[in-house]
Amino acid sequence: MMRLPWFEHRAPTSVQEAASILSGEGPGAMLIAGGTDLLPNMKRRHQAPKMLVSVRKIAELQRNGSTLGTGITLSQVIQKKELPLGLRQAAHQVATVHLRNMGTIGGNLCLDTRCNYYNQNYEWRKAIDFCLKKDGNICWVATASKRCVAASSTDCAPALMALGASVTLVSSTGEREVALEDFYNNDGIDYLKRRPDEILTSVRIPAGFKSTYWKLRRRGAFDFPVLGVGAAIRFSGDVVEKARIALGAVASRPFLVEKANEFLHGKTLTDEVIEEASRLVASRAKPLDNTDLDLYWRKDVSAQFATYALRELRGDDMTQMRLKIARFPV
């Protein structure tokens, strides 16, 4: 049985109180919301904070309007019909209903990166002399690399990034707003641009986009993504006024595919345009052999999933394809 390490627990009732605790305790303190990722990681000794600061009692993080508080659960996101479809699709495909009832939108945006050599129990990792991400000196995926290449595993980030979302970070010294595409580093260890004393408090989502999210995983439920495609388009009639396609799970960060987005500007979504845009999307997908399924196939299939996303935004009925992927994901 894997047991949690000992830790102290604090339950502040305001953002400022939580920020003050983080500032005073330093890197030894970590935030916890739903705990669906952090607690299993603590059992495997990936993280061993001396103190957990719960945000569940902070009413400010439960905002459920046009600006979302990061403490609302993924199940609440799914039920909020006013939110963009792409975000609700992404939230709906996270894990299982039990975990979605606990996991929060903020937690999913800050989700730890994943790798076959990292997401194992302590004894397994010790047997291979650990890895670069935790306690070791070598990246077993790319042994010559000085950078950890663990893959981003968040579903909501590509969906929100495609929508042009931004997040607010609050500390004891002030607050700042960051575009979501600038929130991540392409580094499996230092994957967030959030300081240890900062709290992710809200997500602001611009209006006017039609959006969708497509996810590849081995099983039709529960699994983390091995590919995520978030796409959002603002149309002027049938013409693409602005396009934003984001990829997840094919690098240590989710990212926008700028060449495809620029290519789509001012065009109508014909089959030929969709094919070329999807090719540009696939050219930016560079998965490594650090998660499930063959990396070369994952790169190739990114073009297909980009095609599905763009066809759906064009207005094609993709219901049967979604059902097929859910039942027979691989």
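The largest cavity of this predicted model is lined by Cys-115, Tyr-117, Tyr-118, Cys-131, Leu-132, Lys-133, Cys-139, Trp-140, Val-141, Cys-148, Val-149 and Ala-150. A cavity here is a set of points, on a 1 Å grid over the protein atoms alone, where a 1.4 Å probe fits but cannot get out, and lining residues have an atom within 4 Å of a point. By class, that lining comes out as 11 nonpolar, no polar and 1 charged residues (Ala, Val, Leu, Ile, Met, Phe, Trp, Tyr, Cys and Pro count as nonpolar, Asp, Glu, Lys and Arg as charged, and the others, Gly among them, as polar). Its volume is about 60 Å³, taken as the space filled by probe spheres set on the grid points, which are joined across faces, edges and corners.

The structure has 2 cavities of 30 Å³ or more.

Now for the cysteines: the structure holds 0 disulfides (pairs of cysteine sulfur atoms within 2.5 Å). For Cys-115, the nearest cysteine sulfur belongs to Cys-131, 6.2 Å away. Cys-115 is also buried, at 9% relative accessibility (buried means under 20% relative accessible area, exposed over 50%, partly exposed in between, with a 1.4 Å probe and protein chains only). Cys-156 is in no disulfide either, with the sulfur of Cys-110 nearest at 11 Å, and Cys-156 is buried at 0%.

Residues are numbered from 1 along each chain as its sequence is written, and side-chain values use heavy atoms, leaving out hydrogens and water. Local features need pLDDT of at least 70 and side-chain atom pairs count only at pLDDT 80 or more, while totals for chains, interfaces and linings use all residues.

Technical notes: 1 Å grid on protein atoms, 1.4 Å probe; cavity = no way out; pocket = protein on both sides within 12 Å on 5 of 7 lines; lining within 4 Å.
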